[in-house]
Amino acid sequence: QVQLVESGGGLVRAGGSLRLSCAASGSIFRLNTMGWYRQAPGNQRESVATITSGGMTNYADSVKGRFTIFRDNVKNTVYLQMNSLKPEDTAVYYCNADVTNRSGSRSVNWGQGTQVTVSS
């Protein structure tokens, strides 16, 4: 079993910043690609940013230049630094991790989500 625990969400004014964290624990042999997704009311869940085990990153066009994803492989943690936040960034943000466990099985795991609200 793998657990992903997110933190760092909250309420911020437009133009402000937040940093999200997601710590992975459990039966982990290797953390492969990790990422952040978000879902606003009435919308489908969408990819925000992903990072491979080697550090290659990919961003949604809507957040390029404002958000930065990075990871600490010692702490099994992925972060999302969000700057210049806009009201349209308001959503529940979910952490995602592709994990290889100690038995060699691979699974995709989700965190419980953390609310980010940006006021205008």
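This is a predicted model: local features need pLDDT of at least 70, side-chain atom pairs count only at pLDDT 80 or more; totals for chains, interfaces and linings use all residues.
Student: How many disulfides does a search of the whole structure find, and which residues are joined?

Tutor: A sulfur pair counts as a disulfide when the two atoms lie within 2.5 Å. The search finds one disulfide, and it joins Cys22 to Cys95, with an S to S distance of 2.1 Å. Cys22 belongs to strand 3 (residues 18-26) and Cys95 to strand 9 (residues 91-100), so that the pair, 73 residues apart, links distant parts of the chain.

Student: Why is the disulfide of Cys22 and Cys95 called left-handed?

Tutor: The torsion about the S-S bond of Cys22 and Cys95 is about -80°, and therefore the disulfide is left-handed.

Student: Are Cys22 and Cys95 buried or exposed?

Tutor: Buried means under 20% relative accessible area. Cys22 has a value of 0% and is buried, and Cys95, with 0%, is buried too.

Student: How is a pair of aromatic rings described?

Tutor: A pair of aromatic rings is described by the distance of the centres and the angle of the planes. In this model, a search of the whole structure finds two aromatic pairs. One of them is formed by Tyr37 and Trp110, whose centres are 5.0 Å apart and whose planes stand at 65°, an edge-to-face arrangement.

Student: Why is the pair of Phe70 and Tyr79 stacked?

Tutor: Planes under 30 degrees apart count as stacked. The planes of Phe70 and Tyr79 are at 20°, with the ring centres 4.9 Å apart, and so this pair is stacked. Phe70 is partly exposed at 28% relative accessible area, whereas Tyr79 counts as buried at 15%.

Student: Over which rings does the charged end of Arg45 sit?

Tutor: The charged end of Arg45 sits over the ring of Tyr94, 3.7 Å from the ring centre, and also over the ring of Trp110, 4.6 Å from that centre. Trp110 itself is partly exposed, with 38% relative accessibility.

Student: What is the order of the strands in the open sheet of four strands?

Tutor: The order is 1-3-8-7, and the pairing is antiparallel. Strand 1 (2-7) and strand 7 (67-72) are the edge strands, each pairing on one side only. Neighbouring strands of the sheet are turned by 15° against each other on average, direction ignored. Strand 7 is joined by six bridges to strand 8 (residues 77-82), the two running antiparallel, and Phe67 has Met82 in strand 8 as its bridge partner.

Definitions and conventions. Residues are numbered from 1 along each chain as its sequence is written. Side-chain values use heavy atoms; hydrogens and water are left out. Two strands pair if DSSP finds at least two bridges between them. Axes are lines fitted to C-alpha atoms, for helices over the stretch in contact, and angles run from 0 to 180 degrees between N-to-C directions. Buried means under 20% relative accessible area, exposed over 50%, partly exposed in between (1.4 Å probe, protein chains only). Rings of Phe, Tyr and Trp (its six-membered ring) pair if their centres lie within 6.5 Å; planes under 30 degrees apart count as stacked, over 60 as edge-to-face and the rest as tilted. A charge sits over a ring if NZ of Lys or CZ of Arg is within 6 Å of the ring centre and within 35 degrees of the ring normal.
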